[in-house]
Each structure stands twice: as structure tokens, then as C-alpha cells.
Amino acid sequence: MSGAPTTTAPSAAAPAGAAADGVLDCRGITKSYGGARALEGVDLALAPGEVVALLGENGAGKSTLSKVLTGVVSPDAGAMRIGGEPYVPARPADALSAGVAMIHQELRLVPELSIAENVFVGDLPMRGGRVDRTRMRREAAAQLERVGLATDPDRPVRELSVAAQQQVEIAKALHRDSRFLILDEPTAPLGEEETAQLFAQMDRLRREGVGMLYISHRLEEIARVADRIVVLRDGRRVAAWDRGDVPVDEVIRAMVGREVGNRFPAPAPPREEIVLRARGLTRSGAFEDVSLELRAGEVLGIAGLVGAGRTELVRAICGADRLDAGTIELADGPVTLRSPRAAVKRGVVLVPEDRKAQGALLDLPLEDNVALPSLDRLTRHGALRSGRLRDNARELIERLQIKAEPRQPVGSLSGGNQQKAVIAKWLPCAPRVMVFDEPTRGVDVGARPSIYAAIRRLTEEGAGVIVVSSELEEVLGLANRVLVMSRGRCTGTLEREQATPERVMALAAVKETADA
């Protein structure tokens, strides 16, 4: 079968041989916000038991189409049908009643409630004027078994891993008899093992006849999970393939409308100067006896499975969490970093994995966000100079290729541009050590090169950079050396030429580690 994308008539949106019965069919979906066209004449069909990958850059229209499908917004034009019958959801409850549910990237569970209570939230079974907890637990257990989660339905959600919480979200949707699931970046918070578990779960649902629309920026996953591919660009459907094993470079060209060069700029050789030395770092329950060195101009990658302690380690190095034991030494001597503020003053900054909760003030304009660490430089006699504020923003917008205006609220930007804004604010501070925790989570392939270029420029200016990423390809592509963690301990550090996927994963899977 040819690998060439199709851009044919609306009927080509449906899978070959699919009957109208049971198909979720969208024709000519159009949606505008003010004067901006978010979707224009988009066709899409999803049959029971198939997985369609919906791909595109941030801002391509994927989120808007998902909102139309789930009743969050109404289209300006076009029509939708399920099994040949009109489908016109005016609100999310209507979509759920019709069997269409969305599993959001940012899970929408109540941590303090039990698994069963989360599965039934908004639909509690009643008996004699009271919640029928026996029925609730029994039916929740059945849904958990269906998604492959073996745990007590009375267990609080806060005790679950992110991967397990995602399974609860899917169980919650299946409890509502959902026939179609929209999965938005489902593997973004997952490591290799958890991702494999999710794919196995999707295989089970596919066999049960559940249709899935799969949205992801991890293009290497698509061949494994998708039956078909649809690509959006600038609100239009620009390409489609009736198979999933399409070369990644070909998909990228369709997404961005241009050739994308080398995805990972080769790191420059580091300098001799040590900018960070850590010895015996320990935080109870998170990591133990971890030691590392970081040179000026070096990228140190940190790899490992979810739960290995990577994020906890870098948060402690940057003063966000306390250390129980160990020492940290910077270029000018030993330090005790008791807070992020103290770390920033010593030139150590963190770009956190959760940009919305920890990295940006979403309601404030971009120019305010990127100015926060540099207010001393932008004020005069205690007064903020609006001209300097605007010039600072425009300079950083150009440097990071942020698609936004200075006065635009950060919360209105795409995920990739939000991430660039979080990174941009630290660049005028000229940090000596900059830590990136999941630098491209939720960032499309078109926006990633400017983030990688920013990392390369930091090292050229003499900074030491630490990169934590669940995408092994990213770690291997960026790093001079790779430190591997397993169950809270360092199991090895590999030079770039030694760091193959097989070696890294072997170290990441070590259960009993020797002394570091």
C-alpha cells in the first residue's frame, strides 16, 4: 500500500469497508474564534474498534476539534453523525450520553476521593436515598478489571501513580458506556514501561469495539498504536494515511509544511570547569546516595523509568525540596540551597515539568511573565519601565521564536509557546546551571528545534545544563553524558558514544543497585 498521504473527498475520511452503522462521522467542521479561523472544513471519521492518530503542530486545530466532538464548543458549520444519526452535542454531558468521552492530558480526578467515587462522580448509584456503596465498589471493580488495573476500588486516588490514575480516567469513561474515546497526549507523563501498559490496554479496548482518537506529539508511537493517520495544519486537514507505519519524517513534513532539519543539534565538547558537583544526595523515599558532576558547556541527561527519582533529584538540587543528606558545590564553593530563590541567586534555575502550575502565571501577559526574574534590570528608581518591559519581551520572542505578542496572556498560548515563555524568562539571568525537567512535554515537533537551540546556546555561553526527559531519544540526542537512575539510585553514567538505548534501558531496569 502506498505511503503517500491522501487529501481526497470527505468519504475518504472513513476507514475502508466501514459501514455507516456505529461510525462517528464529521463532515466540513468549521469553527472561528473572533476573526481567527481554528477549523476549516475538516472531515474525520472514527469507526468502532479502530485507532485514528490525529496529528499536527500546536495551534493546528486538534484541541478545537476535540472540543467540538465532546460538546465543549459548537461548530459554526458542518455536521456530525453517529451510526448515521445526527450528533449535535450542546454540552459535554450530551457527548457522554452519546458515548463520546475525552481523556485529558491533565487528569481530572479528585485526589482525596476513592477510585470508586471518582469512577462514579456525578453519577452516584442511589438506594433508599443514600449512596449504594456496595454497588459502586462492585461496578467500579469490574471497570478496573476491564482496563487491567488490579487494586482496591476504595483506595484514594492520591496514592496512585500517574499511569494508574490514567487507567481510572479510562474506567470512568467506560462506566458511562463510552464507545469513542479521545486520548489527548496520553503518554506525556508516562515512561517506557507505563506506555507499553497503556498500549496493551488500548489493544483490549480495540477488541471490545471502542474507537479511539489518539493525539500525540510522540510520533515514534504512531506506528505501534494507529490504524490510520489524519494531519491538521492551520485548521485544515492537509494529509491522511490509511495505515499507521508511515515514516516519521514524512509525517513531520505534512505537519509543518516544510523540511525539518536535524532534530537534535550535536552537543559541543564541554569545558574543564566544574560548575556543579553533588555528593551523596539523599531524600528519604525519593532517591539515595546520588553523586554527579556537571561541567561548563555540558549537557548531562538524566534517564530512567517513571518513579526512578529523576524529578525529585533535580528539584532538590534546585532548592525546591529539602535534602536529608549530601553536599552540593558550585564553581565558587559549597552551598546550601534551601529554596528556589536561594538557588536562583546562585545561578541555578529550574524549568519544571508542570509549566502551568509551577512555571508560568497564565493570566498575566507574556511580557510580564518573561520579566519576573529580571525586574531589577527593568526598573528605575523602583518604577517598572514599560518600554524596557516591551523591548525585553520582543527580544525573547525573537530569540525563542515564540508565536505571540507581548501583551498576550500566557494562558492563551499553545503548549509549545507556553514552554518557550517559561524558558525565555531565565535567559537574561545568564544562569550558570540550568535544569530542564521534561523540556518538550506537550510540545510539537515544529516548536522543538528552537528549544533545542536555546539549550545549545546556553552551553556555548558556558552554562551547564541538566535535561530530564521521559523520551529516551531526546536524552540521547542532546546529552554529552547520560546518568541513569533506577528506584532512586544512580545505576551508571554513560559517555555519549556508550549511551545506546539498550544500555540505558538495561541500567534503568536494574532492581538491586550496587553502591554508586
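This is a predicted model: local features need pLDDT of at least 70, side-chain atom pairs count only at pLDDT 80 or more; totals for chains, interfaces and linings use all residues.
Figure 1. Side chains of opposite charge can pair when their charged atoms come close. In this structure, the count of salt bridges comes to 36. The views below present some of these pairs, together with one network.

**Figure 2. The salt bridge between E40 and R37.** The side chains of these two residues meet with an N to O distance of 3.9 Å. E40 has a relative accessibility of 32% and counts as partly exposed. R37 is likewise partly exposed, its relative accessible area being 44%.

**Figure 3. The salt bridge between E273 and R432.** Here the N to O distance is 2.8 Å. The pair links distant parts of the chain, the two residues being 159 residues apart. E273 belongs to the loop between α8 (248-256) and β13 (274-283), whereas R432 belongs to the loop between α15 (415-424) and β21 (433-437). E273 is partly exposed at 38% relative accessibility, and R432 is partly exposed at 32%.

**Figure 4. The salt bridge between E293 and R277.** The closest N and O atoms of this pair are 2.9 Å apart. Because E293 lies in strand β14 (residues 287-295) and R277 in strand β13, the pair ties together parts that are 16 residues apart in sequence. E293 counts as partly exposed, with a relative accessibility of 22%. For R277 the relative accessibility is 25%, which means that R277 also counts as partly exposed.

**Figure 5. A network of salt bridges.** Four residues are linked in this view: D203, R206, R224 and D227.

Methods:
Residues are numbered from 1 along each chain as its sequence is written. Side-chain values use heavy atoms; hydrogens and water are left out. Buried means under 20% relative accessible area, exposed over 50%, partly exposed in between (1.4 Å probe, protein chains only). Helices (H or I, at least four residues) and strands (E, at least two) are DSSP runs, numbered from the N terminus.
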